[in-house]
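Hi,

Here is the structure I promised to pass on to you. Have a look at it first, and then read my notes below.

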Amino acid sequence: MGLEHLRKDSVRELSEKKAYETQQKNAATIAFVVLAEGGKIDNVTASEQAALFAEWSPSINYTVGQLRRYRGILYRCVQDHQSQEGWEPDKTASLWNVTSDPAEPWPEWSQPIGVHDAYSKDAKTSHNGKRWVSDIDNNVWEPGVYGWTEYVDPEELHEVSQNPQDGLSEAPEV
């Protein structure tokens, strides 16, 4: 009887330990989501953990700051609203802002609609086939118009200086 009692206690202890570990993981996930939605965790870090955030769904009351996944992209709610079909995050820049994608060092530029999604100083973006770096905080200007410096890869610049004749064609003989 002593051995049977020991087995039951061991199984119960293992079960309780596993339940406790699961609760710890769930609590850490909840804390991460709350901190990210409160702006205490940067968008790149949040994007790296996108699987922790719920999928976007219609007929939900969303509030400013909430993060949701939609078609593999993480979005931040920028205006309180009740979601509905046709208002998916990729179609409504006035309601949702794409967070940074850590895999994309030069994400495509999109027109900010306010301070909540304006580009910060040193933000990187691509636009019209060129790469740009923001010169100012709260940048809402289109790259090439104001507040941006075109980025030139130092290696490309080095290649041009090493081979100044490359790309130059000789004048045709007459």
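Before anything else, a word on helices and strands: both are DSSP runs, numbered from the N terminus, with at least four residues (H or I) for a helix and at least two (E) for a strand. Ser134, for example, is found in strand E7, which covers residues 130-134. Please keep in mind that this is a predicted model, in which local features need pLDDT of at least 70 and side-chain atom pairs count only at pLDDT 80 or more, while totals for chains, interfaces and linings use all residues. Residues are numbered from 1 along each chain as its sequence is written, and side-chain values use heavy atoms, with hydrogens and water left out.

**The overall picture**

The chain has three helices and eight strands, and along the sequence they follow the pattern α-α-β-β-β-β-β-β-β-β-α. Of the 174 residues, 26% are buried (under 20% relative accessible area; exposed means over 50%, and partly exposed is in between, with a 1.4 Å probe and protein chains only). The accessible surface comes to about 12,400 Å², and 53% of that belongs to carbon and sulfur atoms (areas come from the Shrake-Rupley method with a 1.4 Å probe, and for residues only the protein chains shown count as cover). Contacts are heavy atoms within 4.5 Å; among those in the chain with a separation of 6 or more, 25% are between residues 24 or more positions apart.

**Nonpolar cores**

A nonpolar core is a set of buried Ala, Val, Leu, Ile, Met, Phe, Trp, Tyr and Cys residues joined through side-chain atoms within 4.5 Å. The largest one here has nine residues: Phe32, Val33, Ala36, Ile41, Ala46, Ala50, Phe53, Leu67 and Leu74. Helix H1 gives the most to this core, with three residues. There is also a second, separate core of seven residues, including Tyr62, Cys77, Leu95 and Trp96. Leaving out residues up to four places away in sequence, Ala50 touches Arg69 and Leu74.

**Aromatic pairs**

How many aromatic pairs does a search of the whole structure find? There are six, where rings of Phe, Tyr and Trp (its six-membered ring) pair if their centres lie within 6.5 Å, and planes under 30 degrees apart count as stacked, over 60 as edge-to-face and the rest as tilted. Phe32 and Phe53 form a tilted pair, with 6.2 Å from centre to centre and 55° between the planes. Phe32 lies in helix H1 (residues 2-37) and Phe53 in the loop between helix H2 (43-48) and strand E1 (61-62), so this pair ties together parts that are 21 residues apart in sequence. Both Phe32 and Phe53 are buried.

The pair of Tyr119 and Trp148 is edge-to-face, because the ring centres are 5.2 Å apart and the planes are at 75°. Tyr119 sits in the loop between strand E5 (96-98) and strand E6 (124-127), and Trp148 in strand E8 (residues 148-150), 29 residues away. Tyr119 and Trp148 are both buried.

**Salt bridges**

The structure holds six salt bridges (a side-chain nitrogen of Lys or Arg within 4 Å of a carboxyl oxygen of Asp or Glu). In one of them Arg68 pairs with Glu37, with the closest N and O atoms 3.1 Å apart. Arg68 is in strand E2 (residues 67-70) and Glu37 in helix H1, so the bridge ties together parts 31 residues apart in sequence. Is Arg68 buried or exposed? At 14% relative accessibility, Arg68 counts as buried.

Glu55 forms a salt bridge with Arg69, and their closest N and O atoms are 2.9 Å apart. Glu55 is partly exposed, with a relative accessible area of 38%, and Arg69 is partly exposed at 22%.

**Back to Ser134**

Ser134 is buried, with a relative accessible area of 1%. A polar atom of the Ser134 side chain lies 2.8 Å from the backbone oxygen of Ile136 (a polar contact is a pair of N or O atoms within 3.5 Å; within protein, one must be able to donate a hydrogen and the other to accept it, and residues adjacent in sequence count only if both atoms are side-chain atoms). Apart from neighbours within four places in sequence, Ser134 is in contact with several residues, including Tyr119 and Trp148, the two partners of the edge-to-face pair.

Enjoy exploring!
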